[in-house]
Amino acid sequence: MACFNPLDKFYKSQKGAVKENSIVTFRVKGDFDFVNFMCQKDGEECFISHTMTRINDYFQIQITFNKGLYFYYFDCGNDNFIGKNENLEGVITSNPNPFQLTAYKSDYYVPDWIYGGVIYQIFPDRFYRANKDKIVPDYKVLHEDWNELPIFLPNEQGEILNNDFFGGDLKGIAKKLDYIKSLGVNVIYLNPIFKAYSNHRYDTGNYMQIDPLLGDINDFKQLLGLAKENDIKIVLDGVFNHTGDDSIYFNKYNRYDSLGAYQSKNSPYYKWYNFIDYPNKYESWWGIKTLPAINEENSSFVQFITGKGGVIDRYTEMGVSGWRLDVVDELPSDFVKSIRKAVKSCNNQAVVIGEVWEDVSNKISYGKRREYLQGEELDSAMNYPLKNAILSFVNNGDVQCLSSTIKEQLDHYPHIALHAMMNLLSTHDTARLLTVLDDNYPVQGSKVELSKYSIPKDNIDRAIFKLKVATLLQFTLCGVPSIYYGDEVGMQGYFDPLNRCTFPWQENDTAILNWYKFLSKLRAEYSAFKCGDFEEIYKKHGVYLFKRFDESSEVLVCVNISNKDTYLNFIGQMTELTTNKNYCDSYILKSNSIAVFVNEQ
């Protein structure tokens, strides 16, 4: 039996992160002569010892924390310490692994409309083309055939230009809002929509202009209005770490009627960039010369993005309900705080979501600890750790990784942020969900070979089953599920740009689509999935059972991807929701099966 468990309120009175200056009670059970609470604030040199008081068969201390990140363990004397194990339980050891505690600002809040919802991510050029009459400049390529593959091979100069377009547009998204709403979606996250050279538009050309191939500002306003009528929020991609070299700000190719930083040191944008040897040698994102890096500490740039009438203000005033910050770990903390202030001052019900690939509570970037979830920066983040844990479980049966990841997030994250986490399984930056669930994944081969590859018929049923398991976990664990457009109809594709193909409106897998609709309906019907508590019931290689519950609902989620049946015992009658069948007292969770139970009585 564990002598300490931070997820049990007997041992730690507040589960997860805590508000600054609130009283937290810690308790340790065990036959010790004494116990000291050893605590270190992040950045300080050593752990400070605090004496715990013996009360009956346990030791106790009450303590408050200023805003910040803390690490702690317990000293029990005689070179015995209590640190955490892989199950996040306290164990006696001579070399303790410290627990973590996050203390956040008392006025930290997250808009509650995001809880219990579903996010739909759209890569705009590839979703739906409403306007068939597109005219592109001669340095861009427009596909006539919607069903062609994107250009994925280098040109004769060995360059991948990402300058081919299919013509998906804002009117196309507006036209498909009924479809999007049928998925139970209440948030659309759009990859960049501002004017740019490339099809991915992460090389911003002009923040103040909608890309002409997508439409114009009136098309965008119309989309915002129609989305609002359908109770759907729009979240934009904010790419503020770099611009394109083909931009109004840099203007390397002289395509803009402005004095760009590349053209003259007298440009108003010159100090936005860091030139090493002017003009051809400059800092760029990951060394990609088409993406000159921004100096985000430049006051002119900060004002342009976060000031009155700036980028954040302009689009949030129009009705945008949030921003996803691209590569937020490459933005200075002060700049991220300025972005949050700009968003919240314009609309305190708008969200700020960060692209973070690790534990968002303790991320270290460029040698600095980040403060994303301490109340002054992010509301939420892209939940890559959970994505990786779910896929590791579904593909390899690694239940320990899944369990540990869930428990760490329960312990490390503020409750209000945990339930707003953007739970994704694939994105524009990763291979498609169904593809990574192929038993043959990863297939070895050239890009040409991978572009022609699809899951063999002998494997597809297995891949679809694994998709159902993965998405069931995605939709029922703490956070908000995010669907990458087309995953819900079984789109396949390896890495960029094969994961960014056009939506197959003429052909799609209705069985997978109906499964996604079932999951969305499940989330909508049971309030436990909004901000309800979590309890792990059982775990074994390939088998995972947990429940989500609040005052008005309780749902038991059961997954078995092992080759053995698992027998469940319960009291009374339960309804299994995937089949709508009732069971009394027991149920056989067969190998390679899933079940979702509720007690409707």
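Predicted model: local features only at pLDDT ≥ 70, side-chain atom pairs only at ≥ 80, totals over all residues.

User: At what angle do helix α5 and helix α6 pack, and how far apart are their axes?

Analyst: Helices (H or I, at least four residues) and strands (E, at least two) are DSSP runs numbered from the N terminus, and axes are lines fitted to C-alpha atoms, for helices over the stretch in contact, with angles from 0 to 180 degrees between N-to-C directions. Here α5 (residues 311-318) packs on α6 (residues 333-346) at about 30°, the axes lying 9 Å apart. That angle makes the two helices roughly parallel, a class for angles under 35 degrees, as against over 145 for roughly antiparallel, 65 to 115 for roughly perpendicular and oblique for the rest.

User: Which residues make the contact of α5 with α6?

Analyst: Contact means heavy atoms within 4.5 Å. From α5 come Ile-312, Asp-313, Thr-316 and Glu-317, and from α6 come Ile-339, Ala-342, Val-343 and Cys-346. By class these are five nonpolar, one polar and two charged, where Ala, Val, Leu, Ile, Met, Phe, Trp, Tyr, Cys and Pro count as nonpolar, Asp, Glu, Lys and Arg as charged, and the others, Gly among them, as polar.

User: How does helix α4 pack with α6?

Analyst: Helix α4 (residues 299-306) and α6 pack at about 30° with axes 9 Å apart, and are therefore roughly parallel to each other; the crossing is again a right-handed one. Phe-301, Val-302, Ile-305 and Thr-306 of α4 meet Phe-335, Ser-338, Ile-339 and Ala-342 of α6, a contact with six nonpolar, two polar and no charged residues.

User: How many residues of helix α8 are buried, and what covers them?

Analyst: Buried means under 20% relative accessible area, exposed over 50%, and partly exposed in between (1.4 Å probe, protein chains only). In α8, 10 of 13 residues are buried, among them Tyr-384, Lys-387 and Phe-393, and the elements that cover the buried residues include α9 (399-412), α13 (457-476) and β28 (543-549).

User: Is Ile-464 buried or exposed?

Analyst: Ile-464, which lies in helix α13, counts as buried because its relative accessibility is 17%. Leaving aside neighbours within four places in sequence, Ile-464 is in contact with Leu-434, Asp-509 and Ile-512.

User: Where in the backbone are there cis peptide bonds?

Analyst: The bond from Tyr-278 to Pro-279 is cis, with omega near 0°, and Pro-279 sits in the loop between β18 (275-277) and β19 (281-282). Another cis bond joins Asp-496 and Pro-497, with omega about 5°, Pro-497 being in the loop between β26 (480-484) and α14 (510-525).

User: What is the phi of Asn-21, and of Asn-580?

Analyst: Although not a glycine, Asn-21 has a positive phi of about 70°, in the loop between β1 (18-19) and β2 (23-29). For Asn-580 phi is near 60°, also positive, and this residue, in the loop between β30 (566-576) and β31 (581-589), is exposed, with a relative accessible area of 58%.

Methods
Residues numbered from 1 in each chain as written. Heavy atoms only, no water. Left-handed = near helix turned anticlockwise from the far one by under 90°.
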